[in-house]
Amino acid sequence: YDAEVRPMFETFAAKALELAGVRAGMHIVDIAAGPGTLVALATETGAAVTAVDFSPAMIERLQRRQAEAGWAGVHAVVGNGMDLPHDDATFDAAFSMFGLMFFTDRARGFAEMHRVLRPGGTGVVSSWVPMSQVPVFSATMALLSEALPDLLPAKPLPPVLNDADACRSEMAAAGFEDVQVIEHSTTFEAPDMETMVDSFLRTNAIVAHLAATTPDRWPLAEAHLRQSLAKMFGTGPQSMTMTALISAGKRPA
């Protein structure tokens, strides 16, 4: 993630910070902060940043990056985005980049984000458009489902905040006003299909998990994946455009 995915995700983080108008002197919170993709960019604005993640390993990684980079004004804590360890009206802006979308109780997540914002503060949440719009990724999941049907069901999971109406509705239900939803895209380039699949194995959580947990069955599944993708998309240069929905709303002043 740090080496390959983070540079791509930085484009989404930069757009989120722009939508919230983050600047020096503000105090912001990044919920489900991961290894600090948004945090790193936010520190460049001069804002103070509180980073929250439920994974101690992610917080440890973020703290190592903070020590190495000398980030000032960053406080990283282990915490649950559905029960934030902060007082009401603490932050000028709040973010959750591809985190809140996976909460088991999104309504609670949105409500907590709203609660910790100061009146007039902005909350920003990012999610993905339907993966059907990303052909090589959709094909990868379908092919792995064919190879490992007991581990990866063919029926897709229910959609999660993958259309603008759902984003506006769920933010508004938590009390946010003036909700706007924009699309923002970035493209991953690979010199050939073999490199694209190699990247999936290193960086995609589902693919990497299947490879790690099925050592006896994975070689055949991987061969099926590589051969089938090459037939479908060719063996030459590949590009994969990822499009996010970035939703921003205000806590009423």
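**Entry 1**

I began with leucine 38, which touches Ala13, Ala16, Leu17, Ile28, Asp30, Phe95 and Met97, leaving aside residues up to four places away in sequence. Contact here means heavy atoms within 4.5 Å. I note that the model is predicted: local features need pLDDT of at least 70, side-chain atom pairs count only at pLDDT 80 or more, and totals for chains, interfaces and linings use all residues. Residues are numbered from 1 along each chain as its sequence is written, and side-chain values use heavy atoms, with hydrogens and water left out.

I then looked up the largest nonpolar core, which holds 81 residues; Ile28, Leu38 and Phe95 touch the most other members. Helix H1 (residues 6-20) supplies the largest share of this core, seven residues. A nonpolar core is a set of buried Ala, Val, Leu, Ile, Met, Phe, Trp, Tyr and Cys residues joined through side-chain atoms within 4.5 Å. Buried means under 20% relative accessible area, exposed over 50%, and partly exposed in between (1.4 Å probe, protein chains only). Helices (H or I, at least four residues) and strands (E, at least two) are DSSP runs, numbered from the N terminus.

**Entry 2. The sheet**

In which order do the seven strands of the open sheet lie? I read the order as S3-S2-S1-S4-S5-S7-S6, with mixed pairing. Strand S3 (74-78) and strand S6 (177-190) are the edge strands, each pairing on one side only. On average, neighbouring strands of this sheet are turned by 20 degrees against each other, direction ignored. For such angles, axes are lines fitted to C-alpha atoms, for helices over the stretch in contact, and angles run from 0 to 180 degrees between N-to-C directions. Two strands pair if DSSP finds at least two bridges between them.

I followed the parallel pairings next. Strand S1 (residues 27-31) runs parallel to S2, and five bridges join them. Isoleucine 28 has valine 49 as its bridge partner in S2; isoleucine 28 is also one of the core residues that touch the most other members. S2 and S3 likewise pair in the parallel sense, over five bridges, and valine 52 has valine 77 in S3 as its bridge partner.

Why is strand S2 (residues 48-53) described as largely enclosed by the rest of the structure? I found that five of its six residues are buried, so the description applies.

I also recorded the crossovers. S1, helix H2 (residues 37-43) and S2 make a right-handed β-α-β unit. S2, helix H3 (residues 56-69) and S3 make a right-handed β-α-β unit as well. A crossover is right-handed if, with the strands pointing away from the viewer, the path from the first strand over the helix to the second runs clockwise.

For an antiparallel case, I took strand S5 (residues 117-128) and strand S7 (residues 238-250), which are joined by seven bridges. Threonine 122 stands opposite lysine 250 in S7.

**Entry 3. Aromatic pairs**

How many aromatic pairs does the structure hold? I noted seven. Rings of Phe, Tyr and Trp (its six-membered ring) pair if their centres lie within 6.5 Å; planes under 30 degrees apart count as stacked, over 60 as edge-to-face and the rest as tilted.

Phenylalanine 12 and phenylalanine 98 form an edge-to-face pair, at 5.5 Å centre to centre and 80 degrees between the planes. This pair links distant parts of the chain, 86 residues apart: phenylalanine 12 is in helix H1, and phenylalanine 98 is in the loop between strand S4 (91-97) and helix H4 (106-116). Both residues are buried.

Phenylalanine 137 and phenylalanine 200 are also edge-to-face, at 6.5 Å centre to centre and 85 degrees between the planes. Phenylalanine 137 lies in helix H5 (residues 135-147) and phenylalanine 200 in helix H7 (residues 193-203), so the pair ties together parts 63 residues apart in sequence. Phenylalanine 137 and phenylalanine 200 are buried.

I also noted a cluster in which ring pairs link Phe9, Phe12, Phe98 and Trp128.

**Entry 4. Individual residues**

I checked phenylalanine 98 again: its phi is positive, about 60 degrees, although it is not a glycine. Its relative accessibility is 10%, so phenylalanine 98 counts as buried.

Alanine 32 also has a positive phi of about 60 degrees without being a glycine, and is found in the loop between S1 and H2. Is alanine 32 buried or partly exposed? At 26% relative accessibility, alanine 32 counts as partly exposed.

Lastly, I looked up glutamine 66 in helix H3. At 18% relative accessibility, glutamine 66 counts as buried. Glutamine 66 touches Trp71 and Val74, again not counting residues up to four places away in sequence.
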